[in-house]
Amino acid sequence: MSLSFSQSLQPSKFPFTHPFAQNYSFTQLWFPSIPHPERPLSTTISCISTRPRRKSSVKNDNSEALELVRVLVRNFSDKEPLVKTLNKYVRFVRTEHCFLLFEELGKSDKWLQCLEVFRWMQKQRWYIPDNGVYSKLISVMGKKGQTRMAMWLFSEMRNSGCRPDTSVYNALVTAHLHSRDKAKALAKAIGYFEKMKGMEWCQPNIVTYNILLRAFAQARNVQQVNALFKDLDESIVSPDIYTYNGVMDAYGKNGMIREMESVLTIMKSNQTKPDIITFNLLIDSYGKKQEFEKMEQVFKSLLRSRERPTLPTFNSMIINYGKARQLERAEHAFGKMTEMGYKPSFVTYESLITMYGLCDCVSRAQDIFDKLIESKKEMKVSTLNAMLDVYCMNGLPTEAHKLFESAKSIGVAPDSSTYKLLYKAYTKANMKELVENLLKHMEKDGIVPNKRFFLDALGAFFSSKPISGSKNSTASSRPENRVKDNHKD
């Protein structure tokens with residue numbers, strides 16, 4: 001069977017020691033039509049337990065625990081302190097409920113309340129120090145950028161008599177990687193990795209490798225990624241689909257196509273088949289680099305595979321064709337989506353609006369936006385921002401302002417990103433009256449701009465040329481002269 005990559009390309013343990021062959025077929029690589037002659041058919045042996053399962057009781061226990069947590073969350077308020085609420089339900093709350101509470105509170109910025117719950121737990125008679133609780137708390141603190149608090153919890157755990165395990169170290173590594181100083185964070189992460197390798201009870205697992213590989217790939221540190229892949233290959237740990245997807249996604253988002261393809265080669269040599277995440281990230285990465293031939297090749301392979309395209313598959317193709325001003329191809333992708341029975345999401349509509357804006361078809365973008373309003377569907381601020389951005393990128397700040405003024409009447413409230421978008425556009429167009437009006441709206445809505453907000457706006461302002469004459473009488477600013485459809489409708 002002919003290999004999909006170049007015949008001279010031999011599978012290698014190391015990802016970046018060979019040039020990548022340009023001519024390949026994703027279809028042949030991943031989906032051979034006949035069994036490999038040298039690969040015997042495997043026989044699956046299953047062990048069936050005679051012990052009766054208790055799925056229903058476990059499910060009921062989980063639902064009851066979730067219901068109690070929902071009650072607790074609903075009762076939290078400024079007037080009703082968290083600890084007071086917990087004391088009301090002290091007869092029912094146990095470790096599993098607190099664990100779920102950490103997850104719920106961790107979804108918002110209520111990390112301090114997580115610590116309140118933890119302190120309350122420690123005072124209960126049923127409390128026993130548990131690695132899982134510490135691991136969850138360290139993870140929550142890391143996501144909220146509270147690295148010092150994560151370190152304090154790590155010390156608190158050891159002082160309580162718990163011995164850190166792999167999951168705790170994984171949470172600690174992830175917490176450091178959320179910090180702003182990325183160089184320092186990566187150094188800390190690799191330090192913990194080496195420390196784990198020296199502890200028999202705390203060896204790195206595939207989650208550890210996945211965290212580190214993705215982090216170093218995002219940092220474009222090819223040498224360290226290469227070293228980690230080598231280390232993984234020599235260990236007893238086996239890479240999984242998340243390993244390859246994580247690294248390829250990071251490289252793809254950084255535009256490092258050759259490195260992404262090298263990881264794909266390793267994936268192929270280890271007989272790991274792609275899932276829909278793999279296909280989507282390849283499609284998106286090739287699309288962003290405008291390598292449409294490869295992108296379309298991957299899409300064809302996806303259609304021939306057991307996987308099915310998802311809405312993000314089509315959304316990515318639409319927006320990336322739009323950035324390249326490939327209007328017909330973008331519309332064809334949308335047509336294919338509807339032909340296959342997929343129902344557009346609000347992200348799809350936003351992608352279409354942006355695509356038409358990039359292709360100088362403002363009225364088509366406006367038609368889609370108007371139909372969304374007429375449909376009485378819940379309008380999202382991101383959809384409003386997409387339409388505003390279309391007006392701004394096509395030199396129509398007055399039209400953008402009219403839409404902004406009518407936003408609340410169509411059931412959507414502007415957010416800080418809306419104001420930032422318009423502020424940059426108005427300053428670039430030297431529309432002082434619109435800037436002043438916008439600032440009044442910001443003050444009224446309680447939007448407080450930060451330093452970055454003004455720096456971005458000033459950059460746009462000084463890079464623009466002053467508009468000659470009155471802004472109200474300048475022909476270039478009049479909507480009827482700036483709608484760039486070129487009669488493509």
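Guide: We can go through some helix pairs and then the cysteines.

Guide: Keep in mind that this is a predicted model.

Visitor: OK. At what angle do H15 and H16 pack?

Guide: Helix H15, residues 292-304, packs against helix H16, residues 311-323, at an angle of about 165 degrees. Their axes are 12 Å apart.

Visitor: So are those two roughly parallel or roughly antiparallel?

Guide: Roughly antiparallel, because an angle over 145 degrees counts as that, and H15 and H16 fall in that class. The crossing of H15 past H16 is left-handed.

Visitor: Which residues meet there?

Guide: From H15, Phe 292, Met 295, Glu 296, Phe 299 and Leu 302. On the H16 side they meet Thr 313, Phe 314, Met 317, Asn 320 and Tyr 321. By class, the contact of H15 with H16 has 7 nonpolar, 2 polar and 1 charged residues.

Visitor: Different pair now. How far apart are the axes of H4 and H6?

Guide: The axes of H4 (residues 95-106) and H6 (residues 131-143) are 10 Å apart, and the angle is about 10 degrees. H4 and H6 are therefore roughly parallel to each other.

Visitor: And what does H4 meet in H6?

Guide: Thr 95, Phe 99, Phe 102, Glu 103 and Gly 106 of H4 meet Gly 132, Val 133, Lys 136, Leu 137 and Val 140 of H6. The contact of H4 with H6 divides into 5 nonpolar, 3 polar and 2 charged residues.

Visitor: New topic. How many disulfides does the structure hold?

Guide: The count is 0 disulfides.

Visitor: Is Cys 98 buried or exposed?

Guide: Cys 98 is buried, because its relative accessible area is 0%. Cys 202 also counts as buried, at 0% relative accessibility.

Key: Residues are numbered from 1 along each chain as its sequence is written. This is a predicted model: local features need pLDDT of at least 70, side-chain atom pairs count only at pLDDT 80 or more; totals for chains, interfaces and linings use all residues. Side-chain values use heavy atoms; hydrogens and water are left out. Axes are lines fitted to C-alpha atoms, for helices over the stretch in contact, and angles run from 0 to 180 degrees between N-to-C directions. Helices (H or I, at least four residues) and strands (E, at least two) are DSSP runs, numbered from the N terminus. Angles under 35 degrees count as roughly parallel, over 145 as roughly antiparallel, 65 to 115 as roughly perpendicular and the rest as oblique. A crossing is left-handed if the near helix is turned anticlockwise from the far one by less than a right angle, and right-handed if clockwise. Contact means heavy atoms within 4.5 Å. Ala, Val, Leu, Ile, Met, Phe, Trp, Tyr, Cys and Pro count as nonpolar, Asp, Glu, Lys and Arg as charged, and the others, Gly among them, as polar. A disulfide is a pair of cysteine sulfur atoms within 2.5 Å. Buried means under 20% relative accessible area, exposed over 50%, partly exposed in between (1.4 Å probe, protein chains only).
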